[in-house]
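Please look through the sequence and the model below before reading on. The report that follows is written for a reader who is new to protein structures.

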Amino acid sequence: MRQIDHFIVGGSPAPTRFADVMDPNNGGVQARVTLGDAAVLERAVQAAQAAQPAWAAMNPQRRARVMFDFKSLIEKNMDTLAHMLSAEHGKVIADSKGDIQRGLEVVEFCCGLPHVLKGEYTQGAGPGIDVYSMRQPLGIGAGITPFNFPAMIPLWMGAVATSVGNAFILKPSERDPSVPNRLAELLLEAGMPEGIFQVVHGDKIMVDAILDHPAISAVSFVGSSDIAHYVYNRGVAAGKRVQAMGGAKNHGIIMPDADLDQVVNDLCGAAYGSAGERCMALPVVVPVGGDTAERLKEKLIPAIHALRVGVSTDAEAHYGPVVTAQHKAKVEGWIQTAVDEGSELVVDGRGFKLQGHEEGYFLGPTLLDHVTADMASYKEEIFGPVLQIVRAANFEEALALPSRHQYGNGVAIFTRNGHAAREFAARVNVGMVGINVPIPVPVAYHSFGGWKRSGFGDTDQYGMEGIRFWTKVKKITARWPDGGMGDAGNSFIIPTMG
Ligand code: NAD
């Protein structure tokens with residue numbers, strides 16, 4: 001059976017524990033991944049410590065050149081990377097290419113890092129005194145990533161962390177570990193020195209080892225909220241800088257004047273694309289007014305019936321299987337809970353079987369109506385191809401729903417009314433807002449991050465926020481007196497510039 005090992009300097013030590021990597025299209029095990037521990041991490045940390053000072057000392061333009069070469073290598077390998085990703089995750093090939101592309105855009109951002117690393121300078125801040133700042137790398141950083149974007153999220157973190165001069169150790173999801181290893185190989189090919197980007201595989205044991213290791217200065221985590229909270233607390237207690245992005249329950253508000261054809265098109269992609277396994281999916285739709293709800297349903301139901309579920313290599317399929325049998329059972333359980341809680345099951349995706357792939361982890365699309373804010377199935381993340389309709393009587397009620405929800409990752413409003421959109425964007429208590437844009441993932445030179453239980457810590461991923469997270473600022477106050485240091489004055493008083 002194919003085995004996926006750590007990608008660390010000196011090679012992977014003999015493994016003692018493994019996890020199965022499943023085949024979502026057909027069911028069953030397709031490979032096994034080595035699960036590491038503190039001893040494996042120690043090897044990676046030592047290699048990182050040996051490599052990082054020279055990498056940090058290299059001028060930023062040279063580090064950026066590695067990113068340029070990495071970008072073209074990813075482009076050359078796009079097809080094979082996408083097939084590798086789809087085979088383990090289950091998302092369709094075009095969607096895997098989107099996953100890689102969104103990561104690639106962060107690599108492109110990092111090609112311009114000499115510009116963003118420039119510090120600030122004040123000439124003549126006091127008599128003969130200049131003040132300036134410089135951004136310096138932290139040393140060694142780690143990233144812990146979820147299964148649902150095995151290319152994009154490692155690149156969000158790894159490209160920024162390394163290009164600013166850190167060494168980076170990635171602990172990807174054990175459910176789809178092959179693409180992260182391949183990205184590490186491509187980075188070496190692009191000219192990144194050994195030890196700057198390494199991959200260790202594992203579960204909680206490896207995560208805890210990372211959180212406790214004194215030589216790791218910063219940890220970036222993306223995954224579910226309970227684990228994000230745990231990672232944040234343990235990492236911060238160990239004195240690290242931590243950002244931990246968590247789960248989501250994003251709402252799409254449909255105002256009465258919205259273009260419903262466009263909305264239905266957007267909703268189908270945003271609710272069911274990637275089988276709903278996206279932290280920026282739109283699993284809750286909030287039509288404003290009973291008439292909007294009825295008109296929306298009339299258009300939505302046939303569009304849902306027209307969706308094609310297929311294997312990840314089916315070019316005609318809108319989405320593929322979910323990641324594991326356990327995850328499929330969990331999503332089915334939530335659908336049952338929603339029904340038991342009193343919501344109306346309009347379209348039931350359970351029991352869907354794909355001919356020739358009966359053991360695959362497929363789920364048909366599900367639509368639930370008359371979902372209310374007190375239901376557990378509304379409060380919690382389902383992370384499957386399930387769309388819930390929560391009806392609101394007016395704008396204020398619609399605004400309150402995402403604002404009061406425990407998660408605050410993304411939200412979207414669909415309207416032709418600029419004033420309503422502007423008001424909504426300013427007042428909603430959510431980190432990322434779309435206006436007639438269903439999945440408002442900011443572009444690479446802005447930053448990504450949710451609020452409330454969708455994000456612990458206070459810096460976002462990539463863009464300038466990413467640069468801030470992966471660097472520390474040194475502030476220098478310099479004086480070059482004419483004729484030596486003899487005129488330093490009284491040193492017993494707090495210095496002022498006055
Ligand atoms: P997960 O929380 O199960 O796993 C994430 C990472 O944590 C993995 O590397 C995993 O190995 C590790 N992990 C798992 N259990 C652990 C434990 N007990 N202790 C320490 N580490 C542990 O998440 P997942 O199922 O891989 O990914 C889906 C989740 O990620 C969803 O909740 C989704 O919303 C969220 N997500 C959030 C964002 C965001 O930016 N906010 C982006 C993508 C995914």
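## About the model

This is a predicted model, in which local features need pLDDT of at least 70 and side-chain atom pairs count only at pLDDT 80 or more, while totals for chains, interfaces and linings use all residues. Residues are numbered from 1 along each chain as its sequence is written, and side-chain values use heavy atoms, with hydrogens and water left out.

Helices (H or I, at least four residues) and strands (E, at least two) are DSSP runs, numbered from the N terminus. Strand β12 covers residues 284-287, with V284 and V286 pointing one way and V285 and P287 pointing the other way. In a regular strand the side chains alternate between the two faces of the sheet. All four of these residues in β12 are buried, where buried means under 20% relative accessible area, exposed means over 50%, and partly exposed lies in between (1.4 Å probe, protein chains only).

Two strands pair if DSSP finds at least two bridges between them. Strand β11 (residues 251-254) runs parallel to β12 and is joined to it by four bridges, with H251 standing opposite V284. Strand β15 (residues 386-389) also runs parallel to β12, through two bridges, and here the bridge partner of V284 is Q388.

## An open sheet of three strands

Elsewhere, three strands form an open sheet in the order β1-β3-β2, and the pairing is mixed. Because β1 (2-4) and β2 (17-22) stand at the edges with a single partner strand each, one side of each is left without a neighbour in the sheet. Strands β2 and β3 (residues 29-35) run antiparallel and are joined by six bridges, and in this pairing D20 has R32 of β3 as its bridge partner.

## Salt bridges

A salt bridge is counted when a side-chain nitrogen of Lys or Arg lies within 4 Å of a carboxyl oxygen of Asp or Glu, and by this rule the count comes to 25. One of them joins D203 to R17, with the closest N and O atoms 3.0 Å apart. Since D203 lies in the loop between β8 (197-199) and α8 (204-212) while R17 is in strand β2, the pair ties together parts that are 186 residues apart in sequence. R17 counts as partly exposed because its relative accessibility is 27%.

Another salt bridge is formed by the side chains of R391 and D369, at 2.8 Å from N to O. This pair links distant parts of the chain, 22 residues apart, with R391 in the loop between β15 and α14 (395-404) and D369 in strand β14 (residues 366-369). R391 is partly exposed at 25% relative accessibility, whereas D369 is buried, with a relative accessible area of 0%. By contrast, E423 and R427, whose side chains meet at 3.3 Å from N to O, both lie in helix α15 (residues 418-427), four residues apart, which is about one turn of the helix.

## A nonpolar surface patch

F492, I493 and I494 form a nonpolar patch on the surface, with about 430 Å² of accessible area together. Patches are made of residues with over 30% relative accessible area and no salt bridge, like charges being joined within 9 Å and nonpolar side chains (Val, Leu, Ile, Met, Phe, Trp, Tyr) within 5 Å, and accessible areas come from the Shrake-Rupley method with a 1.4 Å probe, where for residues only the protein chains shown count as cover. I493 lies in the segment after β21 (471-479) and counts as exposed because its relative accessibility is 57%.
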